[in-house]
Amino acid sequence: MTTPVCTRAANGKTRPSSYPSFASYVSARQPVLLRTARSLTANPSDAEDLLQTALAKTYVAWERIEDHRALDGYVRRALLNTRTSQWRKRRVDEFACEELPEPEPQPGHDDPAERQALRDAMWRAIMKLPARQRAMVVLRYYEDLSEAQTAEVLGVSVGTVKSAVSRALGKLRDDPELGVVR
């Protein structure tokens, strides 16, 4: 036995609802419905768009829905149907070919994988430094603070910052892992 979806009873009067308005339903159930939409898509922005579309369809049918206890099921079905329609309409712009088309390397542009490898090696080398030198290097070169600002943040003199950063840079230059990528 299915639950009727029509809101009007035989005499034409509407039945009392657990949600007095569409807005109250949306504000009460949006987090749960958004989780459902996120499970249907890979992208959180797409999930929000999907939920918005399903809620628009529900709004159009609001007056016809008799049993407001079944609203979640109605919206979930709208989510699923909308996602299925989107999936069926998608275009596939991929073609099989003998050779993969790789872009020619541009002069002056590094390989992103090499940049990431260098970045990872640099952080590993920085993590080997003593805590005080590491803090000074990070503040000076990653946070882009001046020597005076670094000294003020750490509560030391400018000369201490200069000598500690100099020693830290020397250790980084001598790091065998960074020597390979120089």
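This report describes the fold, aromatic pairs, surface patch and salt bridges of a predicted model.

## Basis

In this predicted model, local features need pLDDT of at least 70 and side-chain atom pairs count only at pLDDT 80 or more, while totals for chains, interfaces and linings use all residues. Residues are numbered from 1 along each chain as its sequence is written, and side-chain values use heavy atoms, with hydrogens and water left out.

## Overall fold

The protein has 8 helices and 0 strands, where helices (H or I, at least four residues) and strands (E, at least two) are DSSP runs numbered from the N terminus. The order of elements is α-α-α-α-α-α-α-α.

Of the 182 residues, 25% count as buried; buried means under 20% relative accessible area, exposed over 50%, and partly exposed in between (1.4 Å probe, protein chains only). The accessible surface comes to about 13,400 Å², with 54% of it belonging to carbon and sulfur atoms; areas come from the Shrake-Rupley method with a 1.4 Å probe, and for residues only the protein chains shown count as cover. Among contacts (heavy atoms within 4.5 Å) with a separation of 6 or more, 55% are between residues 24 or more positions apart.

## Aromatic pairs

Rings of Phe, Tyr and Trp (its six-membered ring) pair if their centres lie within 6.5 Å; planes under 30 degrees apart count as stacked, over 60 as edge-to-face and the rest as tilted. The count by this rule is 4 aromatic pairs. Phe22 and Tyr59 are edge-to-face, because their ring centres are 5.1 Å apart and their planes stand at 65°. Phe22 lies in helix 1 (residues 22-40) and Tyr59 in helix 2 (residues 44-61), so this pair ties together parts 37 residues apart in sequence. Phe22 is buried at 16% relative accessible area, whereas Tyr59 is exposed at 53%.

Trp123 and Tyr142 form a tilted pair, 4.6 Å centre to centre with 35° between the planes. Trp123 in helix 4 and Tyr142 in helix 5 are 19 residues apart. Both are partly exposed, Trp123 at 33% and Tyr142 at 40%. One aromatic cluster is formed by Phe22, Tyr25, Tyr59 and Trp62.

## Nonpolar patch and its surroundings

Trp123, Met127, Tyr141 and Tyr142 make a nonpolar surface patch of about 430 Å². Patches are made of residues with over 30% relative accessible area and no salt bridge; like charges are joined within 9 Å, and nonpolar side chains (Val, Leu, Ile, Met, Phe, Trp, Tyr) within 5 Å. Helix 4 (112-128) and helix 5 (131-142) each supply at least two residues of this patch.

The charged end of Arg140 sits over the ring of Tyr141, 5.3 Å from its centre; the rule asks for NZ of Lys or CZ of Arg within 6 Å of the ring centre and within 35 degrees of the ring normal. Asp144, in the loop between helix 5 and helix 6 (147-154), has a positive phi near 60°. Most residues other than glycine have a negative phi.

## Salt bridges

The whole structure holds 5 salt bridges, each a side-chain nitrogen of Lys or Arg within 4 Å of a carboxyl oxygen of Asp or Glu. In one of them, Glu177 meets Arg124 with the closest N and O atoms 2.2 Å apart. Glu177 lies in helix 8 (residues 176-179) and Arg124 in helix 4, so the pair ties together parts 53 residues apart in sequence.

Lys128 and Asp175 also form a salt bridge (3.2 Å, N to O). Here Lys128 is exposed at 55% relative accessibility and Asp175 is buried at 8%.
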